[in-house]
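Good morning, and thank you for coming.

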Amino acid sequence: MILQKHKLVIIGMGNVGSAVLAQAVAQELAAEIVCIDINKKKAHGEALDMTHATPAACSPNITIRSGGFEECKNADVIICAGGPSIMPNEKLDRLILAERNIKVIGEIMQEVTTYTRDAIFIMITNPLDITTYLAATRFDYAPGKLMGTGTTLETLRLKRIIANNYNINAKDVQGFMLGEHGNTAFPAWSTVSIGGIRLLDLDKYYHHQMPFNKAKTADLVVQTAYDVLKSKGWTNTGIAMGACYLAKSVFFNARCITPVSALLNGEYGLSNVALSLPSIIGENGVEQRLAIQMPEEEIEALYKSSNSIKEVLKANNLI
């Protein structure tokens, strides 16, 4: 395979950043990958370790190294996983990370924007919608070029849970989780279908393990993240896959449709907040936001997410 001369920069080489690196190499996303971390030895070690894996794992044409923020200058895509995650025995709510990671992301964005505002910037750092809002509003980044992974991962989990119940391929499940990347994320049930069959008719057409239950399914999607966290101490593989999915869509102009976090500019009457809506992702980043028609109860759920995020934004003097 002949790789295009794309450059990917990964900021933060903890559990998530190292998983992003592994996926980026395995998928041959870019010819040049640079690892950045406040702990320079950590970044060097991750890059060196992955360099030794490349002859067996992927094309030897991939160059992997560590470096400083000056490497952002000519990057095509930057994926940011910097900052701490929920610690053991803490409340299982991503919003508690706000005070810590607002400072971290502010410092990272100050460094990044010293060198570029042209690279497509993909935020992973939690609380995702808070850090995305901060980065998008305080650092003069062009609309569309900065996004958070949002509910991309929740959407993948929703599809897997539904697919398991009906014993079909998850790729054939259509539908979105929207709103906050966190406890107020909600399934947009009006968007769910399998093979053109709408949600209310799934049990009629497909063999199933149990009758479909909206409430249990919605709770399971949100709870899954915390089950992973409590079981292994962190979550990294799923979100790394989601971030690389977005990066791949940018690199190859795939124009995939997935819910990412970005500023709302009047959609559904909402503004001054970053939340996930279905979006077309291509070479320019967020090419289009889709304010799809939803029933009143789903719009109410979106407002609930918005209010949850805005409370934290206000408490941290971001709005």
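Let me begin with a definition: a residue is called buried if its relative accessible area is under 20%, exposed if that area is over 50%, and partly exposed in between, with a 1.4 Å probe and protein chains only. The model is a predicted one, in which local features need pLDDT of at least 70 and side-chain atom pairs count only at pLDDT 80 or more, while totals for chains, interfaces and linings use all residues. Residues are numbered from 1 along each chain as its sequence is written, and side-chain values use heavy atoms, with hydrogens and water left out.

My first topic is charged pairs. A salt bridge here is a side-chain nitrogen of Lys or Arg within 4 Å of a carboxyl oxygen of Asp or Glu. How many salt bridges does a search of the whole structure find? The search finds seven. I shall also speak of helices (DSSP runs of H or I, at least four residues) and strands (DSSP runs of E, at least two), both numbered from the N terminus.

Consider lysine 103 and glutamate 107, whose side chains meet in a salt bridge with an N to O distance of 2.6 Å. Both residues belong to helix 3 (residues 98-115), and because they are four residues apart, about one helical turn separates them. Is lysine 103 buried or exposed? Lysine 103 is exposed, at a relative accessible area of 56%, whereas glutamate 107 is partly exposed at 43%.

Another pair is found in helix 2 (residues 40-57), where lysine 42 and glutamate 46 are four residues apart, about one turn of the helix. Their closest N and O atoms are 2.7 Å apart. Lysine 42 has a relative accessible area of 33% and is partly exposed, while glutamate 46, at 17%, counts as buried.

A further salt bridge joins glutamate 287 and arginine 255, at 3.8 Å from N to O. This pair links distant parts of the chain, 32 residues apart: glutamate 287 lies in strand 12 (residues 285-289), and arginine 255 in the loop between helix 8 (237-251) and strand 10 (256-265). Glutamate 287 is partly exposed, with 29% relative accessibility, and arginine 255 is partly exposed as well, with 43%.

I turn now to the interior. A nonpolar core is a set of buried Ala, Val, Leu, Ile, Met, Phe, Trp, Tyr and Cys residues joined through side-chain atoms within 4.5 Å. The largest has 46 residues, and those with the most contacts inside it are Val9, Ile11, Ile78, Met109, Val112, Phe121 and Leu302. Apart from that core lies another, of 38 residues, including Val16 and Ile122. As for contact in general, the term means heavy atoms within 4.5 Å. Setting aside neighbours within four places in sequence, isoleucine 11 has contacts that include Ile36, Phe69, Ile78 and Val112.

Next, how do helices pack? Axes are lines fitted to C-alpha atoms, for helices over the stretch in contact, and angles run from 0 to 180 degrees between N-to-C directions. Angles under 35 degrees count as roughly parallel, over 145 as roughly antiparallel, 65 to 115 as roughly perpendicular, and the rest as oblique.

The axes of helix 5 (residues 152-166) and helix 7 (residues 214-232) come within 9 Å and cross at roughly 125°, and these helices are therefore oblique to each other. Among the residues that make this contact are Leu158 and Ile161 of helix 5 and Leu220 and Val221 of helix 7. Helix 1 (residues 15-26) and helix 8 have axes that come within 8 Å and cross at roughly 50°, so they too are oblique. Their contact involves, among others, Val20 and Ala24 of helix 1 and Ala240 and Cys244 of helix 8.

I close with the backbone. Most residues other than glycine have a negative phi, and most peptide bonds are trans. Yet the peptide bond from asparagine 126 to proline 127 is cis, with omega near -5°; proline 127 lies in the loop between strand 5 (120-123) and helix 4 (128-138). Asparagine 167 has a positive phi of about 55°. This asparagine 167 is in the loop between helix 5 and strand 7 (173-178), and at 71% relative accessibility it is exposed. Asparagine 272 also has a positive phi, near 55°, but its place is in strand 11 (residues 271-282), and at 46% asparagine 272 counts as partly exposed.
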